[in-house]
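My notes follow the order in which I checked them.

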Amino acid sequence: MEWGAVFMLSSFPVFLLAGTVLGFLSGLGTGGGSLLLLWLTMVVGMPQQDARMVNLLFYLPAALITLLLRKKQGLLPVKPLLPGMAAGCAAAFLFSRLENILDAVLMKKAFGVLLLFLGIRELFYRRR
């Protein structure tokens with residue numbers, strides 16, 4: 001094997017390094033999943049729908065490990081979070097069903113508006 005093949009963007013060591021770095025960022029809550037989507041679609045050239053499925057498979061174990069570590073550290077009050085967790089699961093189920101019914105362009109625009117709203121909120125949010 002040539003050294004050039006080891007450092008290609010689609011080689012196993014590069015994927016391993018990218019997965020490790022993005023998993024670390026996900027654990028910190030800094031948007032590793034969003035960066036993974038960008039990596040898979042823009043660098044690797046994966047279709048967006050496939051990249052979303054990989055992102056979900058990537059996110060679930062990363063979230064579980066982070067959840068268990070935060071719980072062990074006593075930094076995760078579960079009881080107050082239950083309503084939000086239930087609402088999130090219900091919304092994920094509902095919108096995964098709506099995705100098959102609604103126009104893809106409309107869904108992309110709605111998601112863009114949601115991200116824009118959340119970004120503006122984060123810029124101006126002040127802790128009480």
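The entries below go from the ground rules to single residues.

**Ground rules.** I worked from a predicted model, so noted by its source, in which local features need pLDDT of at least 70, side-chain atom pairs count only at pLDDT 80 or more, and totals for chains, interfaces and linings use all residues. Residues are numbered from 1 along each chain as its sequence is written, and side-chain values use heavy atoms, with hydrogens and water left out.

**Confidence.** I looked up pLDDT, the predictor's confidence in each residue, from 0 to 100. The protein chain averages 81, and 91% of the residues score at least 70. I then went by element, where helices (H or I, at least four residues) and strands (E, at least two) are DSSP runs numbered from the N terminus. Where pLDDT is low, the predicted coordinates should not be read in detail.

**Core.** I looked for nonpolar cores, meaning sets of buried Ala, Val, Leu, Ile, Met, Phe, Trp, Tyr and Cys residues joined through side-chain atoms within 4.5 Å. Buried is under 20% relative accessible area, exposed over 50%, and partly exposed in between (1.4 Å probe, protein chains only). The largest core has eight residues: Val14, Ala18, Leu22, Leu36, Trp39, Leu40, Ala51 and Phe58. Two or more of these residues come from each of α2 (12-28), α3 (32-44) and α4 (48-72).

**Helix α3.** Which residues of α3 are buried? I found Gly32, Gly33, Leu36, Trp39 and Leu40. Seen down the helix axis, the buried residues of α3 fall within an arc of 110°, so they line one face; the arc is that of the directions from the helix axis to the C-beta atoms. Ser34 and Met42 are exposed on the other side of α3. Just after α3, Gly45 takes a positive phi of about 85°.

**Helix α4.** I checked Asn55 and Val54, which lie in this helix. Asn55 is buried, with a relative accessible area of 14%. Leaving out residues up to four places away in sequence, Asn55 touches Gly33, Leu36 and Leu37. Val54 is partly exposed at 34% relative accessibility. With the same exclusion of residues up to four places away, Val54 touches Leu36, Leu40 and Met46. Val54 and Leu37 are 17 residues apart in sequence, with their C-alpha atoms 8.6 Å apart.

**Helix α5.** Val78 lies in this helix and counts as partly exposed at 33% relative accessibility. Its C-alpha atom is 10.0 Å from that of Leu67, 11 residues apart along the chain. Ala92 is also in α5 and is partly exposed, with a relative accessible area of 48%. From Ala92 to Val105 I noted 13 residues in sequence and 19 Å between C-alpha atoms.

**Rings.** I looked for aromatic pairs, that is, rings of Phe, Tyr and Trp (its six-membered ring) with centres within 6.5 Å. The count is zero. I also looked for a charge over a ring, which needs NZ of Lys or CZ of Arg within 6 Å of the ring centre and within 35 degrees of the ring normal. The charged end of Arg121 sits over the ring of Tyr125, 4.9 Å from its centre.

Conventions:
Rings of Phe, Tyr and Trp (its six-membered ring) pair if their centres lie within 6.5 Å; planes under 30 degrees apart count as stacked, over 60 as edge-to-face and the rest as tilted. Contact means heavy atoms within 4.5 Å.
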